[in-house]
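Work through the exercises below with the model open beside you. Try each task before you read its solution.

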Amino acid sequence: MGVALVCLGAAAWLAGGWHSGVRRARLVLAEGRTGGTGRTNGTDGSGGADGPGGAGGAGGAGRTGAHPARRMTDGWRQVRSRLRPEWWSAAAGLILALLGHSVLPIVAGAAGVPVLRRVRLAGRERRARERRQDAVIALCGTLAGEVRAGRQPGEALLCAAHDSGGLGDAQAAVLAAARFGGDVPGALEAAAGQPGAEGLRGLAACWRVAVDQGAGLAAGLDRLEGALRAERDQRSDLRAQLAGARATAVMLAGLPVLGLLLGVALGSDPLHVLLHTGAGLGCLLAGGVLESLGVWWVARIVRGAEAAS
């Protein structure tokens, strides 16, 4: 079982890491050779079988022989892109079911698929929110620079929005309001409803004060950018401080696997005991409940600390 797990890990690493770089290098070199052949044919003006074009045709035939391998590589890449990470839970359950001669691992693996999908989607949303926060900070800095350069606020917003992309999905509405003299603060406040774009409310307030009362827009944008940067740095520090709690959750999740591997190394059959005996099933149920409670509690602590900040 240990050898099988090592082989699976090595195969996943080779498929996702080293081979992808090798494939990329081969594709770049192949494109370079193809471009060179095309230029030679274009220079000589010959494309017959006896001229340089014929040699190019022979090279094309040689490359055609490698097409099945390339198609297989492309097919494997498409399968990898469609196979989400949460489906590894079902695969692990299937392997354990075959090794333990029981259907319980399949049920557990299938139950873990929606949980892992939720975790993956939450991580993707968090990364999108952080990217949008960075884009809003860049928008404020770029807009302040454009205003100092002598541009009008509407024109400066058009240039800054194209450079930073901090308006997200509402960029068209905001740019239309800025280009045709519409309600720019209202459009910015509507765009601030996107996750991570809350800083646009401050930009809308600065815009309203600058346009209505004649205050300096660049100075307000500088203060807003500084505040947003300080808030982002505070979140980064908090995330670094919570790294220990996250490591604890990962360790809790990996301890059962380590226990099974230790049992196999000692010469026992832990899967048979857990899946085919009454005491083993009781231990499996109790351990699963305690494991879930532990991971949930650590995740709750992390979420509470992030929400409090």
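The exercises move from confidence and overall make-up to single residues and side-chain pairs.

This is a predicted model, in which local features need pLDDT of at least 70, side-chain atom pairs count only at pLDDT 80 or more, and totals for chains, interfaces and linings use all residues. Residues are numbered from 1 along each chain as its sequence is written, and side-chain values use heavy atoms, with hydrogens and water left out.

**Exercise 1. Confidence**

Find where confidence is lowest and where it is highest in the protein chain.

Solution. Start with the scale: pLDDT is the predictor's confidence in each residue, from 0 to 100. The protein chain averages 76. A score of at least 70 is reached by 72% of the residues. Now go helix by helix. Helices (H or I, at least four residues) and strands (E, at least two) are DSSP runs, numbered from the N terminus. The lowest confidence falls in helix H2 (residues 52-65), with a mean of 43. The highest falls in helix H10 (residues 217-241), at 88.

**Exercise 2. Overall make-up**

How many helices and strands does the protein chain have?

Solution. The secondary structure comes to 13 helices and zero strands. Then check burial: 25% of the 309 residues are buried. Buried means under 20% relative accessible area, exposed over 50%, and partly exposed in between (1.4 Å probe, protein chains only). Now take the contacts with a separation of 6 or more: 54% of them join residues 24 or more positions apart. Finish with the surface. The accessible area is about 19000 Å², and carbon and sulfur atoms hold 64% of it. Such areas come from the Shrake-Rupley method with a 1.4 Å probe; for residues, only the protein chains shown count as cover.

**Exercise 3. Two single residues**

Is Gln 171 buried or exposed, and which residues does Gln 171 touch?

Solution. Locate Gln 171 in helix H7 (residues 171-179). Its relative accessibility is 18%, so Gln 171 counts as buried. Leave out residues up to four places away in sequence. Gln 171 then touches Ala 161, His 162 and Gly 165.

Turn to Ala 219, in helix H10. Ala 219 has 38% relative accessibility and therefore counts as partly exposed. Compare positions along the chain: Val 147 lies 72 residues from Ala 219, yet their C-alpha atoms are separated by 9.9 Å.

**Exercise 4. Salt bridges**

Trace the network of salt bridges that includes Arg 151.

Solution. Apply the rule: a salt bridge is a side-chain nitrogen of Lys or Arg within 4 Å of a carboxyl oxygen of Asp or Glu. The count comes to eight. Take Glu 146 and Arg 151: their side chains meet at 2.6 Å, N to O. Arg 151 also bridges to Glu 155, with the closest N and O atoms 2.8 Å apart. Glu 146 is buried at 16%. Arg 151 is partly exposed at 33%, and Glu 155 is partly exposed at 40%.

Now try another pair. The side chains of Arg 208 and Glu 189 meet in a salt bridge at 3.4 Å, N to O. Arg 208 lies in helix H9 (residues 199-213) and Glu 189 in helix H8 (residues 184-191), so the pair ties together parts 19 residues apart in sequence. Arg 208 is partly exposed at 32%. Glu 189 is partly exposed at 40%.

**Exercise 5. An aromatic pair and a patch**

Describe how the rings of Trp 296 and Trp 297 are arranged.

Solution. A pair of aromatic rings is described by the distance of the centres and the angle of the planes. Rings of Phe, Tyr and Trp (its six-membered ring) pair if their centres lie within 6.5 Å; planes under 30 degrees apart count as stacked, over 60 as edge-to-face and the rest as tilted. The structure holds one aromatic pair. The ring centres of Trp 296 and Trp 297 are 6.1 Å apart and the planes stand at 50 degrees, so the pair is tilted. Trp 296 is found in helix H13 (residues 278-308). Trp 296 is partly exposed at 45%, and Trp 297 is partly exposed at 46%.

Technical notes. Contact = heavy atoms within 4.5 Å.
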